[in-house]
Amino acid sequence: MPDLDAMDVKILDLLQEDAARSIAEIAERINLSHNACWRRIRQLEDSGIIRKRVALLDAEKLGVGNTVFVLVRAAEYTDEWYDAFAAAVRKIPEVLEFYRLAGEIDYLLKLQVSDIADYNRVSQALTRAVRFRDFSGSFAMEELKNTTAIPLPRK
């Protein structure tokens, strides 16, 4: 756990809420000088706590509003299989998140697709790349919570 003080936490809260905020606005909101605020943000970036600043887009308005969770059970547990699978996944822009899991399921993928045909194209690309013991996709019916905000320590 990094040594964050209350000012760092306030800065991170504000940036998670809206990364487009100016340094002047952040400094004013937390009662800190412009230069001190800028230095703190640079330190948070240099330390890797702030990895990057991005725009969050509306998938529905962009025509890819269907979220699919794909559960994968590997056919084998070799470096060659994993390397081929990971390389295939990384080439597919519809895969937003890719996790290796503990338990009965080996991997979880989160996809954003336009429709079932789009999902079918992605799943075929994956199943052509490597063999699976089990591969299943579930379409999200309703999004109940979606946030990018990391829980921060309260100081």
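Predicted model: local features only at pLDDT ≥ 70, side-chain atom pairs only at ≥ 80, totals over all residues.
Numbering starts from 1 along each chain as its sequence is written. Local features require pLDDT of at least 70 and side-chain atom pairs pLDDT 80 or more, while totals for chains, interfaces and linings use all residues, and side-chain values use heavy atoms, without hydrogens or water.

The largest nonpolar core has 19 residues. A nonpolar core is a set of buried Ala, Val, Leu, Ile, Met, Phe, Trp, Tyr and Cys residues joined through side-chain atoms within 4.5 Å. Buried means under 20% relative accessible area, exposed over 50%, and partly exposed in between (1.4 Å probe, protein chains only). Phe-85, Leu-109, Leu-111 and Leu-126 have the most contacts inside this core. At least two core residues come from each of β1 (66-74), α4 (79-90), β3 (107-113) and α5 (116-129). Helices (H or I, at least four residues) and strands (E, at least two) are DSSP runs, numbered from the N terminus. Phe-85 touches Val-72, Phe-98, Tyr-107, Leu-109, Leu-126, Val-130 and Phe-132, leaving aside residues up to four places away in sequence. Contact means heavy atoms within 4.5 Å. A second, separate core holds 14 residues, including Ile-11, Leu-12, Leu-15 and Ile-30.

Asp-8 lies in helix α1 (residues 6-17). Its relative accessible area is 9%, so Asp-8 is buried. Beyond residues up to four places away in sequence, Asp-8 touches Asp-3, Arg-40 and Leu-44.

Asn-31 sits in the loop between α2 (23-30) and α3 (34-46). Asn-31 is not a glycine, yet has a positive phi of about 60°. Asn-31 counts as exposed because its relative accessibility is 72%.
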